[in-house]
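Colleague: Please walk me through this one, starting with the charged side chains.

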Amino acid sequence: MIITRRTLLGAAAAIACAAAIPAFAAKPLTIGFSQVGAESEWRTANTASIKDAAKKAGVNLKFADAQQQQQNQVKAIRSFIAQRVDVIAFSPVVETGWETVLREAKNAKIPVILTDRAVKVTDPSLYVSFIGSDFVEEGRRAGRWLLDYAKKNGDKPLNIVELQGTTGAAPAIDRRNGFAEVIGTNPKLKVIRSQTADFTRAKGKEVMEAFLKSEGKKINVLYAHNDDMAIGAIQAIEEAGLKPGKDIIIISIDGVKGAFEAMKAGKLNVTVECNPLLGPTLIQTAQDVVAGKPVPKRIVVNEGVFPAEVAAKELPNRKY
Ligand code: GZL
């Protein structure tokens, strides 16, 4: 074959063009993600972790904020099915009411991954994996801290008020049960009021004001299912002229920066960590599912307990 100047130029142009488009450009993975809402510092960190991990992995993330409404999550999942995404992932705002829409996803052959919170379904094949904390154990850890505190402080009777998370949500149900299971071993520890404050600061303040009005100085301990409600309650306690962390001992869950700052200020006594940084594990699990690799049905994140004594040292290390 005679190689002329014209032929060379033509060949060079063809090579340059071919190099610009990789021979087998894999279509980026598309994940439809339905998030509970933006109700707490924990949720903000969880959303950031998922978006950051998707961006780093070149995943096309379709993100929907449900503003803590289940019907918005159902709508978002149906829209992801219609858009034929590769994977659907979501943090279910409550445990029940998912069978129908998850069956639609299964019939559409779109795998579903749960993050953060669990669902109650009769058919476990409706989702491939659940990535999240053990909320019962988080409740137990809060209870064990209080048992220890009671023992170190003369084992006198302690009246507890409890701010529950969102009604029907797995963390609210499980943290209540775990805490009750452990404090039930000491008859002097008594929950005298328990009510939902929906995981938000505003509601935490509002419900704590009501508790203070009805129970007043009888309250010795506050157990809040998340730091945001505890921080709201701290405002109510101070406005009532009491010292949070001293007049009322406060135990909460999540381990967000706001909790470490409150502990450093002596207004919160302990926070039980609940790790929101689930993004990298979610993306890896979605990639494995699409690649046909086996994935664990349950992926539990590791977490610790942070009493006020370590807050100042720990605060600079906190990632959320
Ligand atoms: C726990 C998560 C909870 C947090 C709250 O995994 O679902 O929801 O504890 C958040 O802060 O609102």
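**Charged pairs**

Modeller: Glu137, Arg140, Arg141, Arg144 and Glu181 are linked in a network of salt bridges. A salt bridge here is a side-chain nitrogen of Lys or Arg within 4 Å of a carboxyl oxygen of Asp or Glu. Keep in mind that this is a predicted model: local features need pLDDT of at least 70, side-chain atom pairs count only at pLDDT 80 or more, and totals for chains, interfaces and linings use all residues. Residues are numbered from 1 along each chain as its sequence is written, and side-chain values use heavy atoms, with hydrogens and water left out.

Colleague: How many salt bridges does the whole structure have?

Modeller: The search finds 28. Take Glu137 and Arg144: their closest N and O atoms are 2.8 Å apart.

Colleague: Is Glu137 buried or exposed?

Modeller: Glu137 is buried, at 17% relative accessibility. Arg144 is partly exposed, at 41%. Buried means under 20% relative accessible area, exposed over 50%, and partly exposed in between (1.4 Å probe, protein chains only).

Colleague: Which residue does Arg117 meet in a salt bridge?

Modeller: Arg117 meets Asp116, at 3.8 Å from N to O. Arg117 is buried, with a relative accessible area of 2%. Asp116 is buried too, at 4%.

Colleague: And which parts does the Glu238 and Lys267 pair tie together?

Modeller: First the distance: the two side chains meet at 2.9 Å, N to O. Glu238 sits in helix α8 (residues 227-239) and Lys267 in the loop between α9 (257-264) and β10 (270-273), so the pair ties together parts 29 residues apart in sequence. Helices (H or I, at least four residues) and strands (E, at least two) are DSSP runs, numbered from the N terminus. Glu238 is partly exposed at 35%, and so is Lys267 at 29%.

Colleague: New topic. What order do the strands of the open sheet follow?

Modeller: Six strands run β2-β1-β3-β4-β5-β11, with parallel pairing. Two strands pair if DSSP finds at least two bridges between them. The edge strands, β2 (60-65) and β11 (298-300), each pair on one side only.

Colleague: How many bridges join β3 to β4?

Modeller: Three bridges join β3 (residues 87-90) to β4 (residues 112-115). In one of them, Ala89 has Ile113 of β4 as its partner.

Colleague: Which strands does helix α10 touch?

Modeller: Helix α10 (residues 279-290) packs on the sheet and touches β1, β3, β4, β5 (129-132) and β11. Touching, or contact, means heavy atoms within 4.5 Å.

Colleague: Which residues of α6 are buried?

Modeller: Among them are Ala170, Asp174, Arg175, Phe179 and Ile183. The buried residues of α6 pack against α5 (135-152), β6 (158-164), β7 (189-196), β8 (221-224) and β9 (249-254).

Colleague: Last one. How many residues are in the largest nonpolar core?

Modeller: That core has 54 residues. Leu146, Leu163, Met208 and Ile248 have the most contacts inside it. Apart from it lies another core of 25 residues, among them Phe80, Val93, Ala108 and Phe130. A nonpolar core is a set of buried Ala, Val, Leu, Ile, Met, Phe, Trp, Tyr and Cys residues joined through side-chain atoms within 4.5 Å.

Colleague: What does Leu163 touch?

Modeller: Leaving out residues up to four places away in sequence, Leu163 touches several residues, including Gln195, Val207, Met208, Phe211, Tyr223 and Met229.

Note on methods:
Axes are lines fitted to C-alpha atoms, for helices over the stretch in contact, and angles run from 0 to 180 degrees between N-to-C directions.
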